[in-house]
Amino acid sequence: MKYYSTNKQSPLIDFKAATIQGQAPDKGLYFPEYIPQVSEELIKNIEQYSNEAIAYEVIKPYVGDCIPENDLKKIVEETINFSIPLISINEQIASLELFHGPTLAFKDVGARFMSRCLGYFVKDQNKKVTVLVATSGDTGGAVANGFYDVPGVDVVILYPSGKVSSVQEKQLTTLGKNIHALEVKGSFDDCQQMVKDVFANAADFPHLFLTSANSINVARWLPQQFYYFFAYKQWADKNNPPVITVPSGNFGNICAGILANASGLPVQHFIAACNANDIVPQFLQTGEYKIKNAVATISNAMDVANPSNFVRIMEIIGKDIPSLKEKITAYSISDEATKATLKNVFDQHHYLLDPHGAVGYAALEKYLSTHSSQKGIVVETAHPVKFYDVVEPLIKQKIEIPDSIKQQMESEKKSTVIDNETEQLSAFLNSK
Ligand SMILES: *Cc1c(COP(=O)(O)O)cnc(C)c1O
């Protein structure tokens with residue numbers, strides 16, 4: 001399998017090179033040169049397959065010869081060594097809980113897969129690899145955890161000061177060792193732009209071997225397909241595939257779902273559930289892709305103005321707008337509606353969503369109100385405790401902090417504060 005850049009101005013490369021490079025030199029995103037098909041047999045008998053076997057079958061064609069079978073099997077096993085249950089909320093809606101990994105959000109899967117692949121690729125290199133990543137909240141923690149103490153790898157994380165939750169901040173600032181947190185006085189989009197600027201000028205940092213760990217990296221993006229296969233495995237009514245609603249920010253997760261569907265996985269329809277950052281819902285409505293500034297919301301991991309992965313979705317559907325509209329419906333959900341949904345679902349169904357999941361749920365309810373014979377899945381992307389400051393006042397109860405993060409919550413935050421200027425990031429990198 002080779003990968004091309006969506007800007008078409010870079011040479012084709014394999015999975016190893018794409019993982020190490022992150023972004024293509026022409027600033028495009030790497031995309032597989034064809035979409036492999038999973039076997040019909042796997043889809044038909046999916047309940048008989050272990051999650052590990054499914055994941056291996058799905059990812060194998062994308063990795064090609066870059067990692068030998070036994071090493072890849074081990075990487076896959078470590079990537080998904082926690083449960084991903086599908087929990088029924090009511091007769092029409094189930095929740096796919098993606099928050100049982102070490103940092104309580106779905107990004108653990110992509111970050112663990114990528115860190116282990118990169119660890120494998122740099123094993124016999126003499127230059128240290130520096131992973132540079134911007135986070136709107138959950139990426140940082142997942143990447144920090146995934147790469148913590150991996151030999152030969154340094155991690156630099158940029159996050160918007162005051163715009164991530166306290167649990168998120170602890171997860172990315174308390175590990176130390178090879179993990180460095182830069183607290184940027186600006187927005188997530190500023191952080192992302194600074195990272196992009198540095199990559200565009202990587203030659204300025206000859207002493208570093210830079211790579212990204214954002215969802216634009218194929219090794220983070222592609223394994224997210226696993227969730228959708230695991231959801232289908234647990235879906236009772238195989239003759240009526242689910243409508244799947246995905247809380248979306250940078251659109252990496254939903255794009256992986258759409259890729260899984262294009263590979264042969266049955267999915268009725270996708271819903272891109274956005275908060276007030278509504279560029280994609282607006283685009284589907286008006287045909288105009290109008291970039292605005294990011295707005296801060298209570299579902300902060302989705303506070304993204306211009307989602308990087310949208311270009312990959314266009315690539316999958318052949319840049320055809322009618323096909324896009326047939327495949328996806330997008331909604332923008334206000335903070336008020338998000339809060340009301342979170343509270344209602346808790347009161348009526350005794351199921352506690354996090355604010356991102358609540359955006360997804362509200363969007364799914366909207367869709368089902370005009371498609372009442374269908375049933376759907378909410379991709380629940382984070383544990384509600386990560387956003388306890390929003391959730392607890394709504395349900396008027398304390399959420400128990402899982403044992404797995406108790407100790408981290410008591411550790412001391414260590415970050416370097418910088419302005420939202422690329423020169424300050426460059427200076428930091430040059431001081432390393
Ligand atoms: C990152 C994140 C999202 C958005 O995912 P994208 O792949 O960027 O669309 C949604 N919810 C949570 C909790 C997240 O951490």
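**Close-up views of the ligand site and an aromatic pair**

**View 1. The ligand sits in the largest cavity.** A cavity is a set of points on a 1 Å grid over the protein atoms alone where a 1.4 Å probe fits but cannot get out, and a molecule sits in a cavity if more than half of its atoms lie within 2 Å of its grid points. The model is predicted, with local features needing pLDDT of at least 70 and side-chain atom pairs counting only at pLDDT 80 or more, whereas totals for chains, interfaces and linings use all residues. Residues are numbered from 1 along each chain as its sequence is written, and side-chain values use heavy atoms, with hydrogens and water left out.

View 2. An oxygen atom of the ligand lies 2.5 Å from a side-chain N or O atom of Lys-107, and an oxygen atom of the ligand is 2.8 Å from a polar backbone atom of Gly-249. At Gly-252, a backbone N or O atom is 3.2 Å from an oxygen atom of the ligand.

**View 3. Phe-31 and Trp-221 form a tilted aromatic pair.** Their ring centres are 6.0 Å apart and their planes make an angle of 35 degrees; rings of Phe, Tyr and Trp (its six-membered ring) pair if their centres lie within 6.5 Å, with planes under 30 degrees apart counting as stacked, over 60 as edge-to-face and the rest as tilted. Because Phe-31 lies in strand β2 (residues 30-32) and Trp-221 in helix α9 (residues 218-221), the pair ties together parts that are 190 residues apart in sequence; helices (H or I, at least four residues) and strands (E, at least two) are DSSP runs, numbered from the N terminus. A search of the whole structure finds 13 aromatic pairs.

Terms used
Polar contact = N/O pair within 3.5 Å; in protein donor to acceptor, adjacent residues only side chain to side chain. 1 Å grid on protein atoms, 1.4 Å probe; cavity = no way out; pocket = protein on both sides within 12 Å on 5 of 7 lines; lining within 4 Å.
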